[in-house]
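Subject: Structure handover

Hi,

Here is the structure I promised you. Please open it and read my notes alongside.

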Amino acid sequence: MRLRSLSRNLLVRVLLAIVLGSALGLVLPDWLARVFLTFNGIFSQFLGFLIPLIIVGLVTPAIADLGRGAGKWLAVTAAVAYGSTVFAGLLAFAVATTSYPWLLGDKTAVNGLENPEDHALGGYFEITMPPVFDVMTALVLAFCLGVGITFVRGTTLHSGFAELRTIVMRTVEKVIIPLLPLYIFGMFMSLTMNGQIAVVITTFLRVVVLAFIMTVVILLIQYCIAGAVTRANPLVMLKNMLPAYATALGTASSAATIPVTLACARRNGVDERVAGFTIPLCATIHLSGSTMKIVLFSTAIMTISGMPIDPWQYIGFIFLLGVTMVAAPGVPGGAIMAAVAILQSQLGFDETAVGLMIATYVAIDSFGTACNVTGDGAIAAIMDKLLRGKNGRLRNAPAAPAR
């Protein structure tokens, strides 16, 4: 109930911030607008300081958890989930690069979007908060520590990083997310004052429609594959997962939807032990819908801002994004917070671009989460088939990984 309330409250506040920022940007005096721009500068610096800590605090224990107690079947499930996430990202990238030239039309090259510091109006002062280390250092450190913990017999280090994860998630939940609407307000106010808001809003409305269509396409592909593997009707399987989809729309949280997803997976004939292992695991590591949204919106921002899109660089970004999604905290908007680091380091996103990503992502966060959890049911069905012998009986099913 708390996550559901947080999701609805955040969505309302973000939408209100977008509307108010777009409207008040036309009438606010410069002296007052600079107050909000000052806050945005400080918030952006704090976010940049926190991002490497988010990566280390979330990725390290996530990798450590994946290596505990489930053996090769955990590795297989993780590989299937990662493949599904990356496939969704690659498909979204192919659709974006193919459709945006005509879908966005002349909504390109919004002057100054990629360089907000060049705008005439700025904050009253700046506070610089250099991060402890850069993003790539954080990613490599988190990976090395996470893998290393799996080989350590003791639990002290693992418990310490689990506590660090709690601290980071509390910071995201209690500080970052509550302040996001004010940050988004200032960003949209600035866009209005700079004459860019009309292009941005009309562009993203088109991308939102495309994201809804892509959600249906991805789910159909996932369940066609699952149906082919299990020799079941994919449409019937998808129909059985609708309660999980509807629940995720209300909670915007894969973790909060786990009980419903488990029940739906069992309705598709998945053994209770297999479902009990795959569903909680995939709720953490399978984010095909979230990845699809991030790819669609990031390429749209790059298009309207005139940023060059190097296909090979972007494909590398998608593969890295699939790993980073493992670190997404289980709160509404958590996936985009985990992705901010590589959006900045790999694609060169600045403060304004990151603000747009956060605003648009949070506005339709529930639909990405619904796609994620519904796809979890397809992976559970595939794993159930793989775990059954020639006689149809279930082999030794792994226990649910510790979280």
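The second largest cavity has a volume of about 40 Å³. A cavity is a set of points on a 1 Å grid over the protein atoms alone, where a 1.4 Å probe fits but cannot get out; lining residues have an atom within 4 Å of a point. Points are joined across faces, edges and corners, and the volume is the space filled by probe spheres set on them. The whole structure holds 2 cavities of 30 Å³ or more.

This is a predicted model: local features need pLDDT of at least 70, side-chain atom pairs count only at pLDDT 80 or more, and totals for chains, interfaces and linings use all residues. Numbering runs from 1 along each chain as its sequence is written, and side-chain values use heavy atoms, without hydrogens and water.

Which residues line the second largest cavity? They are Ser44, Leu47, Gly48, Ile51, Tyr183, Gln344, Glu351 and Val354. The largest share, 4 residues, comes from α2. Helices here are DSSP runs (H or I, at least four residues), numbered from the N terminus.

Now look at the loops. Val27 sits between α1 (2-24) and α2. Val27 is exposed, with a relative accessible area of 61%. Exposed means over 50% (1.4 Å probe, protein chains only).

Arg231 lies in the loop between α6 (197-230) and α7 (234-240). Arg231 is exposed too, at 79% relative accessible area. Its phi is positive, about 60 degrees, although Arg231 is not a glycine. Most residues other than glycine have a negative phi.

Best wishes

Technical notes
On a 1 Å grid over the protein atoms alone, a cavity is a set of points where a 1.4 Å probe fits but cannot get out, and a pocket is an open set with protein on both sides within 12 Å along at least five of seven lines; lining residues have an atom within 4 Å of a point. Helices (H or I, at least four residues) and strands (E, at least two) are DSSP runs, numbered from the N terminus. Buried means under 20% relative accessible area, exposed over 50%, partly exposed in between (1.4 Å probe, protein chains only).
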